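We will go from one selection to the next.

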Amino acid sequence: MINYPKVVLKKDKENSIKRFHPWIFSGAVARVDEGLEEGDLVSVYSNDDEFLAVGHIAIGSIVVRILSFEPVEINKDFWVERLASACRVRREIALLGIENNNVCRLVHGEGDSLPGLIVDFYAGTAVIQAHSVGMYLHRAEIAEALKEVLGDELIAVYDKSEGTIPFKSGIEPTNGYLLGEIKDFTAIENGLKFKVDWLEGQKTGFFIDQRENRSLLERYSKGRSVLNMFCYTGGFSFYAMRGGANLVHSVDSSARAIEVTNENVELNFPGDKRHEAFATDAFKYLDDSDQKYDLIVLDPPAFAKHKKVLSNALKGYKRLNLKGFQAIKKGGIMFTFSCSQAVSKEDFRKAVFVAAANAGRRVRILHQLNQPADHPVNIFHPEGDYLKGLVLYVE
Ligand code: SAH
């Protein structure tokens with residue numbers, strides 16, 4: 001029986017953990033062993049001294065993130081087993097080790113029973129982001145275990161936790177390679193090429209979670225004029241071009257993202273004049289332009305990072321979608337998204353519904369979209385279901 005320092009729950013607070021929810025909130029904790037520091041491994045016990053789980057302790061409202069509901073030691077074998085399981089799933093769903101796609105999410109936190117850890121795979125480089133100090137402290141072991149699981153498929157591991165470790169923890173991580181280094185490579189998604197800059201780019205360098213939604217957009221692009229709002233490095237734009245769009249406008253407030261968008265379009269469609277990109281604020285672009293489009297993508301950053309700012313976020317979605325409806329032609333199609341975990345599917349749909357009503361447009365929902373299979377949701381942790389999208393037919 002493994003003996004990490006103890007976290008003991010209050011009486012009758014073990015129900016959610018017995019249903020495999022991977023978080024313990026501060027309100028459920030009766031006492032914690034002395035001398036514990038953020039990121040330490042702990043064993044969790046009920047008030048009646050029943051073993052419940054092993055996890056990482058943290059400061060904040062989530063006090064423990066559970067790694068195992070068994071009394072196991074968290075050592076290299078543990079990481080190898082969990083990472084092998086995550087990689088096996090990606091192979092089984094044909095996202096890893098296939099020719100026209102060398103990019104996928106290998107580890108999606110709670111969805112892969114590794115709360116606090118994200119690993120994205122880009123053509124031989126695993127980019128890892130620790131969202132908890134516990135995961136950060138294990139980064140070297142995680143990198144080694146990834147190498148053991150992936151063998152020659154893995155050339156480098158880059159740690160990009162600088163912006164994701166909770167700043168209150170007092171740890172000041174610096175980004176850097178934990179293993180190897182790749183300078184020159186081409187990422188390929190569904191046969192389309194693109195540049196990924198994990199050193200300077202947002203998140204791990206690319207928004208892998210929109211892969212299938214981009215594919216769907218390709219199917220609707222033929223002969224349409226497309227506006228890709230919040231385009232980042234142009235993902236939806238190059239799919240629209242392959243789908244036969246007759247014009248594609250990409251908009252993002254980041255000048256660097258627009259530069260990369262242009263490079264990515266050039267990589268796939270050299271010299272193609274159908275595409276133009278604009279580095280400007282999305283709201284300003286929609287206000288200043290009276291151009292109308294056949295297909296509009298609205299994929300803004302998370303407007304609500306916590307529940308507290310929910311009502312402002314919903315106002316933001318209403319305002320943005322209203323502007324989207326005003327810029328769309330009769331018979332147009334809108335792909336509209338929210339990646340805020342704090343905004344439920346129902347809340348988002350309601351915000352879009354209000355926008356449609358205010359715009360006075362008749363709207364059908366054609367598709368209800370979510371995150372792809374390499375961003376799995378742990379059935380015991382519904383909070384992991386974060387990406388929602390609607391494809392609308394607008395009259
Ligand atoms: N659709 C993209 C991902 C979008 S991420 C893809 O498929 O890869 C959100 C993007 O919104 C980021 O690139 C960010 O730079 C941009 N952004 C944030 N605020 C913005 C604003 N007010 N106007 C325009 N772009 C904005």
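Before the first stop, one definition: two strands count as paired if DSSP finds at least two bridges between them. Keep in mind, too, that this is a predicted model.

**Stop 1: the sheet.** Select strands S7 to S11, which form an open sheet of five strands in the order S7-S8-S9-S10-S11, with mixed pairing. S7 (103-108) and S11 (176-179) are the edge strands; each has a single partner strand, so one side of each has no neighbour in the sheet. From one strand to the next, the twist averages 25°.

Stop 2: Now zoom in on S7 and S8 (residues 117-122), which run antiparallel and are joined by five bridges.

**Stop 3: a loop glycine.** Pick Gly97, in the loop between helix H2 (76-92) and S7. Is Gly97 buried or exposed? Its relative accessibility is 60%, so Gly97 counts as exposed. Beyond its neighbours within four places in sequence, Gly97 is in contact with Arg91 and Glu153. The C-alpha atoms of Gly97 and Glu153 are 8.2 Å apart, although 56 residues separate the two along the chain.

**Stop 4: an enclosed helix.** Finish with H6 (residues 235-242): seven of its eight residues are buried, so the helix is largely enclosed by the rest of the structure. Among the buried residues are Phe236, Phe238, Tyr239 and Met241. Just after H6, look for Gly244, which has a positive phi of about 95°.

Note on methods
Residues are numbered from 1 along each chain as its sequence is written. This is a predicted model: local features need pLDDT of at least 70, side-chain atom pairs count only at pLDDT 80 or more; totals for chains, interfaces and linings use all residues. Side-chain values use heavy atoms; hydrogens and water are left out. Helices (H or I, at least four residues) and strands (E, at least two) are DSSP runs, numbered from the N terminus. Axes are lines fitted to C-alpha atoms, for helices over the stretch in contact, and angles run from 0 to 180 degrees between N-to-C directions. Buried means under 20% relative accessible area, exposed over 50%, partly exposed in between (1.4 Å probe, protein chains only). Contact means heavy atoms within 4.5 Å.
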